[in-house]
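Thanks for coming. Please look at the sequence and the structure on the screen, and I will go through a few parts of them.

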Amino acid sequence: MEDKLNLLRQWINESCTAVFFGGAGVSTESGIPDFRSPDGLYSQQYTDPPEEVLSHTFFLRSPKEFYRFYKDKMNCLAAQPNTAHLKLAKLEQAGKLRSIVTQNIDGLHQKAGSRRVWELHGSIHRNFCMRCGQSIPAQAVFSAPEVPRCPCGGMVKPDVVLYEEGLDSNILEGAVEDIRRSDLLIVGGTSLAVYPAAGLLRYYEGRRLVLINQSPTPYDDYADLFISAPIGQVFGAVVP
Ligand code: ZN
């Protein structure tokens, strides 16, 4: 393990356009459950399956039920960045990390100080009126008694990519471009099973692909370095 951490440390030092690509596992140490882990959000009891509740169709058809679930399960406004978030922010400030591509919607990378963050699935921190487009604070959305409404009366929608919805093309293109140009790609806290995670890796043209995950992924053999450990522990050890 020590050899692997030393190698990762060396690669980070030698890199100037590194990109970190992260999934739910990055935020579990901040107390945010992994959607798809066995004891995670998706296997908990709720009347409708979460994949259905968090779909575009369901949102439009039953906004009250959508928001009951959303406010109950997706409120991570009080969560704090963990070691992985903080060390990644430090790497960006030191000019070692070009950007972060994340599947998470909790905004913890920004809370830790990171600036260039491609949020593939959006963010709970951005919410807009569907009628007039006005921005509504997340706090107001989560504290609304039922369906959050704009002062104009329009319904508010979180800027979160729901099932059936496409990814924002500007964000996707930005992420692809950074990955394509990077000389070190560190992938962490994702099983790479969720669209478009695995697809994004194909754009990487460098020779140093690092995977950090507690459980095996289909890409372990494909990686130039695979570290099986909690992501916060790895960055805590590698970044001073
Ligand atoms: Zn409005």
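First, a term: buried means under 20% relative accessible area, exposed means over 50%, and partly exposed is in between, with a 1.4 Å probe and protein chains only. Helices (H or I, at least four residues) and strands (E, at least two) are DSSP runs, numbered from the N terminus.

Before the details, note that this is a predicted model, in which local features need pLDDT of at least 70, side-chain atom pairs count only at pLDDT 80 or more, and totals for chains, interfaces and linings use all residues. Residues are numbered from 1 along each chain as its sequence is written, and side-chain values use heavy atoms, with hydrogens and water left out.

Start with strand β1, residues 18-22. This strand is mostly covered, since five of its five residues are buried. How do its side chains point? A18, F20 and G22 point one way from β1, and V19 and F21 point the other way. In a regular strand the side chains alternate between the two faces of the sheet.

Next, the neighbours of β1. Two strands pair if DSSP finds at least two bridges between them. β1 runs parallel to strand β2, residues 97-102, and five bridges join them. Here F20 stands opposite I100 in β2. β1 also pairs in the parallel sense with strand β6, residues 185-188, over four bridges. There V19 stands opposite L185.

Is Q103 buried or exposed? Q103 counts as buried because its relative accessibility is 10%. Its side chain makes a polar contact with the side chain of T190, at 3.2 Å. A polar contact is a pair of N or O atoms within 3.5 Å; within protein, one must be able to donate a hydrogen and the other to accept it, and residues adjacent in sequence count only if both atoms are side-chain atoms.

Now the metal. Which residues coordinate the zinc ion? They are C129, C132, C150 and C152, each through SG, at 2.3 Å. C129, in strand β4 (residues 122-129), and C150, in the loop between α8 (138-143) and β5 (156-160), are 21 residues apart, so the pair links distant parts of the chain. C129 and C150 are both buried.

Last, the domains, whose bounds come from an automatic or database domain assignment. Domain 1 is 1-32 + 81-121 + 167-240, and domain 2 is 35-75 + 123-160. Their C-alpha centres lie 27 Å apart.

Definitions and conventions
Donors are N, O and S atoms within 2.8 Å of the metal (3.2 Å for Na, K and Ca); water is not among the atoms, so sites may look incomplete.
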